[in-house]
Amino acid sequence: MRYRQFGKIGHNVSALGFGAMNLPRVPFEQAKEALNYALDQGINYIDTAAAYRNSEEIIGNSISHRRSEFFLATKTNQREYEAAKSEMLRSLERLQTDTIDLLQIHYVNDPEEYKKAMDEKNGAYRAALELREQGKIRYIGITGHRPDLLARWIQSGKFDQVLFHLSLVQPFALDELIPELIRRDMGRVAMKPLSGGFVQPVDKALRFPYSQDVHVIISGMVSVEEVRQNIAAIESEPDEREREELLALSGELGEHNCRRCNYCSCPLEIPIPDVMISSKVRDKFGLLPKGIEFYEKHREKIISCADYEPCREQPQCEPKCPYHLPMASVIREAAGFYRSEHFRAKEA
Ligand code: SF4
Ligand code: SF4
């Protein structure tokens with residue numbers, strides 16, 4: 001396991017971090033075993049959030065007795081002072097700890113949300129500052145899906161760390177955010193290497209962020225086997241040639257340009273960002289089981305996009321996209337996937 005100094009925060013953090021978002025989906029004993037195995041293998045960064053159902057409780061009940069062995073990061077997606085403060089205090093209780101190493105203001109994707117969270121009197125940031133003064137929080141970070149906005153917001157000097165997407169299908173932080181974080185010597189944590197289960201080949205998906213200048217890659221894990229696979233994928237250091245190959249692949253798979261900012265919405269409830277992000281990888285490598293499940297689940301909606309009368313002349317989703325992306329045509333191409341040889345053969 002590679003360890004690096006976590007920017008000016010200074011901890012020696014493992015390159016692989018345990019993403020605990022999906023632990024509530026599995027039996028408690030399995031989650032406990034996976035967390036303890038990860039610590040045994042030298043993973044020393046645990047990432048959760050108040051919003052991940054009972055993930056914090058699972059961590060508290062599984063590894064709080066080993067608290068000195070890991071750096072603990074959680075998040076609040078409350079924006080107002082009182083609500084954020086009570087959520088942070090609840091996190092301390094659920095995690096069974098006196099101190100949270102890193103509290104991140106969670107999922108801030110637009111300037112209005114940011115303004116609300118940073119309001120001096122009534123913002124979540126004020127609650128984080130207070131708890132930091134009391135020694136209940138050590139560092140404050142921010143997470144979001146808009147690398148361009150995050151790069152702007154860190155100019156305030158108010159954050160120690162940023163958690164951002166970095167994957168073969170979402171390489172955008174490389175241009176917009178990471179150079180600024182390096183310049184400021186801030187904690188750089190990349191998340192979602194598989195972008196929610198769409199990206200393959202899995203080993204390349206993990207090695208892409210590993211080949212970049214980030215401190216920790218958060219990978220969602222739910223079993224000893226997954227911990228083992230994740231560690232195996234980053235066993236060797238990438239050389240310059242592999243780094244270039246992975247960058248070229250990310251250029252191709254990230255052509256869709258969707259940042260997953262979720263500004264768009266669809267009256268038919270088509271999950272537009274997931275379709276945008278998975279389309280290139282689907283065409284080139286096919287889908288992982290989670291991707292197949294996704295397309296099966298949303299199939300009827302995706303197919304009906306082309307016939308949806310109110311979007312005939314002007315797709316309702318497109319004007320909402322800050323990147324002016326052609327979402328309707330990508331959705332309609334995805335619909336074509338069901339009419340492909342592959343699907344016809346499967347259905348026969
Ligand atoms: S064009 Fe398709 S995806 Fe966009 S809003 Fe209309 S139905 Fe939804
Ligand atoms: S399609 Fe555009 S608006 Fe929708 S999530 Fe992607 S970048 Fe954001």
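**Walking through the model**

Tutor: Glu-120 counts as exposed, because it has 9 C-beta neighbours inside 10 Å. The cut-offs are these: a residue is buried if 20 or more other C-beta atoms lie within 10 Å of its own, exposed if 12 or fewer, and partly exposed in between, with C-beta atoms placed from the backbone. One caution: this is a predicted model, so local features need pLDDT of at least 70 and side-chain atom pairs count only at pLDDT 80 or more, while totals for chains, interfaces and linings use all residues. Residues are numbered from 1 along each chain as its sequence is written, and chains are lettered from A and ligands numbered from 1 in the order in which they are written.

Student: Where does Glu-120 sit?

Tutor: In the loop between α4 (111–118) and α5 (124–133). Helices (H or I, at least four residues) and strands (E, at least two) are DSSP runs, numbered from the N terminus. The C-alpha atoms of Glu-120 and Val-13 are separated by 32 Å, and the two are 107 residues apart along the chain.

Student: Now Leu-23: buried or exposed?

Tutor: Leu-23 counts as buried, because it has 28 C-beta neighbours inside 10 Å. You'll find Leu-23 in the loop between β3 (16–19) and α1.

Student: What is Leu-23 in contact with, leaving aside its neighbours within four places in sequence?

Tutor: Ala-31, Ser-55, Ile-58 and Val-222. Contact here means that the C-beta atoms of two residues, placed from the backbone, lie within 7 Å. As for Ile-100, it is 77 residues from Leu-23 in sequence and 19 Å away in space, C-alpha to C-alpha.

Student: Let's take helix α2 next. How many of its residues are buried?

Tutor: Seven of the nine residues in α2 (residues 55–63) are buried, so the helix is largely enclosed by the rest of the structure. The buried ones are Ser-55, Glu-56, Ile-58, Ile-59, Gly-60, Ser-62 and Ile-63.

Student: And what covers the buried residues of α2?

Tutor: The cover includes α1 (28–40), β4 (45–47), β5 (71–76) and α3 (81–95).

Student: What about phi for Asp-185?

Tutor: Phi is positive there, about 55 degrees, although Asp-185 is not a glycine. Asp-185 belongs to the loop between α8 (178–183) and β9, and it is partly exposed, with 13 other C-beta atoms within 10 Å. His-324 also has a positive phi, near 55 degrees, in a residue other than glycine. His-324 lies in the loop between α13 (289–304) and α14 and is exposed, with 9 other C-beta atoms within 10 Å.

Student: On to the ligands. Which residues come nearest to ligand 1?

Tutor: Cys-266, Cys-305, Cys-311, Pro-315 and Cys-317, out of 14 residues around it. A residue is near a molecule if its C-beta atom, placed from the backbone, lies within 6 Å of it. Helix α14 (residues 327–338) gives the most to that shell, with three residues.

Student: How does the shell around ligand 1 divide by class?

Tutor: Into 13 nonpolar, one polar and no charged. Here Ala, Val, Leu, Ile, Met, Phe, Trp, Tyr, Cys and Pro count as nonpolar, Asp, Glu, Lys and Arg as charged, and the others, Gly among them, as polar.

Student: Which residues are closest to ligand 2?

Tutor: Cys-258, Cys-261, Cys-264, Pro-273 and Cys-321 are the closest of the 15 that surround ligand 2. By class, that shell has 11 nonpolar, one polar and three charged residues. Helix α12 (residues 272–285) supplies the largest share, three residues.

Student: Zooming out, what domains does the assignment give?

Tutor: Domain 1 (3–247) and domain 2 (272–347), with bounds that come from an automatic or database domain assignment. Their C-alpha centres lie 30 Å apart. Nine residues of domain 1 are in contact with nine of domain 2. On the domain 1 side, those residues divide into four nonpolar, five polar and no charged.

Student: Last one: how many helices and strands are there in the chain?

Tutor: The chain has 15 helices and 10 strands, and 47% of its 348 residues count as buried.
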